[in-house]
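Student: I have a new model open and want to learn how to read it. Can you take me through it step by step?
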Amino acid sequence: MRALSPQLWIKRDDLCADPMGGNKVRALEFLLGGIAHDERIVTVGSAGSTHALAVATYGKRLGAHVVVARWTQEMNTAATHVAERLVREAEAAPLFRSPAGAYAWALRERLQGARWIPAGGGSPLGVLGHVNAGLELVAQIDAGVLSQPACVVVPLGTGGTAAGLALAFAIAQRDIRVVGARVVPRIVARQGRVLGLARRTARLIERMASAKLPRVRAHMLDVAHETYGGAYGRETEVATHAAGQLRASSGISLDGTYSAKAFALALSLAAREPTLFWLTFDSRLLSGS
Ligand SMILES: Cc1ncc(COP(=O)(O)O)c(C=O)c1O
């Protein structure tokens, strides 16, 4: 990172698990908890949803039958690779023209007894995985692996990742701002929605731990709207350029839907404050194998 900016750090969350890492796997630690062999699981997502691929990959490893209802999206190289892999990993992955069709199909599965995993894994239970990820970073700071950044930049989709990290920093009482680089329409990714998810997750932990937690305050969570490309999955010039710089300096590849946009933002923020780029996309998915 130093070759690009002296105040820029990267958290390689793409390497948090094998064979597929990244943020979506963090949530599955809880969402797939207690899954029975031969259980049926249903989730929904866009055609090249990393979340859906993570559910299919790890659900199958646990002996479950995973079905995914998808809707069409604007495609790019990474989304195409993920979609191809998803079709191979899931037992069924029908593609609908709109989310409404996909949700209706998924509802029928749920009524027949399939375990439901929400889009993006963005429920309080799933967010627990991102809280743990944030606490892992705090432990790394305390161990002297890196100095405390002023902000952590993460792509913002359903908001579970940003909510969990912000809650972790509140719990650990660290003055680290979470900056979400919006990659989906504004109606899905709003600050109020992410704060609400963090609040519901805090309540879940409080019920389990019988303890009172600090809340995530609005100043601890920024949403950057300028990163959005005008459609989910649409690449932006600034993000593609920044991703090229990272690839040239470190060999790390980013995807055009999420991580390249967050990285471009992190690079610009690092010019004025210590910034940590949270890498959520596992580029091993780009190998096509
Ligand atoms: C690679 C990647 N990064 C970031 C995100 C956004 O995470 P969240 O939905 O928790 O906001 C996603 C969501 O699909 C993702 O696949």
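Student: Let me start with one residue. Where does Asp 38 lie?

Tutor: Keep in mind that this is a predicted model. Asp 38 sits in the loop between α1 and β2.

Student: What is the phi of Asp 38?

Tutor: Asp 38 has a positive phi, about 75°.

Student: Next, a peptide bond. Is the bond from Asp 18 to Pro 19 cis or trans?

Tutor: Look at omega. The bond from Asp 18 to Pro 19 has omega near 10°, and it is cis. Pro 19 is in the loop between β1 (8-11) and α1 (23-31).

Student: Now step back. How many helices and strands does the protein have?

Tutor: There are 9 helices and 9 strands. The C-alpha trace spans about 50 × 45 × 35 Å along its principal axes.

Student: What radius of gyration does the protein have, and what would a compact globule have?

Tutor: The protein has 18 Å. A compact globule with 289 residues would have a radius of gyration near 19 Å, so the value agrees.

Student: Which domains is the protein divided into?

Tutor: There are two entries to note. Domain 1 takes residues 8-20 + 123-287, and domain 2 takes 23-121. Their C-alpha centres lie 22 Å apart.

Student: How many residues of each domain are in contact?

Tutor: First, the general idea. The size of an interface is often given as the accessible area lost when the parts come together. Here we use contacts instead. In domain 1, 29 residues are in contact with 25 residues of domain 2. On the domain 1 side, the elements that give two or more residues are α5 (124-142) and α6 (160-171). The largest share, 7 residues, comes from α5. By class, that side of domain 1 has 12 nonpolar, 13 polar and 4 charged residues.

Student: Now the sheets. What is the order of the strands in the open sheet of 4 strands?

Tutor: Again, the idea comes first. Strands of a sheet pair through backbone hydrogen bonds, either parallel or antiparallel. In this sheet the order is β4-β3-β2-β5, and the pairing is parallel.

Student: Why is one side of β4 and of β5 left without a neighbour in the sheet?

Tutor: β4 (95-96) and β5 (115-117) stand at the edges. Each has a single partner strand, so one side of each has no neighbour in the sheet.

Student: How many bridges join β2 to β3?

Tutor: Count 7 bridges between β2 (residues 40-46) and β3 (residues 65-71), which run parallel. For a landmark, find Val 44, which stands opposite Ala 69 in β3. Then look for helix α2 (residues 50-61). Helix α2 lies across β2, β3 and β5, and runs at about 170° to β3.

Student: What is the strand order in the open sheet of 5 strands?

Tutor: Read β1-β9-β6-β7-β8, with parallel pairing. The edge strands are β1 and β8 (221-224), and each pairs on one side only. From one strand to the next, the twist averages 25°.

Student: How many bridges pair β7 with β8?

Tutor: Strand β7 (residues 177-182) and β8 pair over 4 bridges, in the parallel sense. Ala 181 stands opposite Ala 224 in β8. Helix α9 packs on this sheet, touching β1, β6 (151-156), β7, β8 and β9 (275-278). The direction of α9 makes about 155° with that of β6.

Student: Last, a helix pair. At roughly what angle do the axes of α8 and α9 cross?

Tutor: The axes of α8 (residues 237-250) and α9 (residues 259-269) cross at roughly 80°, and come within 8 Å. The two helices are therefore roughly perpendicular to each other.

Student: Which residues of α8 meet α9?

Tutor: Val 238, Ala 239, Thr 240, Ala 242, Ala 243 and Leu 246 do. On the α9 side they meet Ala 260, Lys 261, Phe 263, Ala 264 and Leu 267. By class, this contact has 9 nonpolar, 1 polar and 1 charged.

Notes:
Residues are numbered from 1 along each chain as its sequence is written. This is a predicted model: local features need pLDDT of at least 70, side-chain atom pairs count only at pLDDT 80 or more; totals for chains, interfaces and linings use all residues. Domain bounds come from an automatic or database domain assignment. Two residues are in contact if their C-beta atoms, placed from the backbone, lie within 7 Å. Ala, Val, Leu, Ile, Met, Phe, Trp, Tyr, Cys and Pro count as nonpolar, Asp, Glu, Lys and Arg as charged, and the others, Gly among them, as polar. Two strands pair if DSSP finds at least two bridges between them. Axes are lines fitted to C-alpha atoms, for helices over the stretch in contact, and angles run from 0 to 180 degrees between N-to-C directions. Angles under 35 degrees count as roughly parallel, over 145 as roughly antiparallel, 65 to 115 as roughly perpendicular and the rest as oblique. The radius of gyration is taken over C-alpha atoms; the globule rule is 2.2 Å times the number of residues to the power 0.38.
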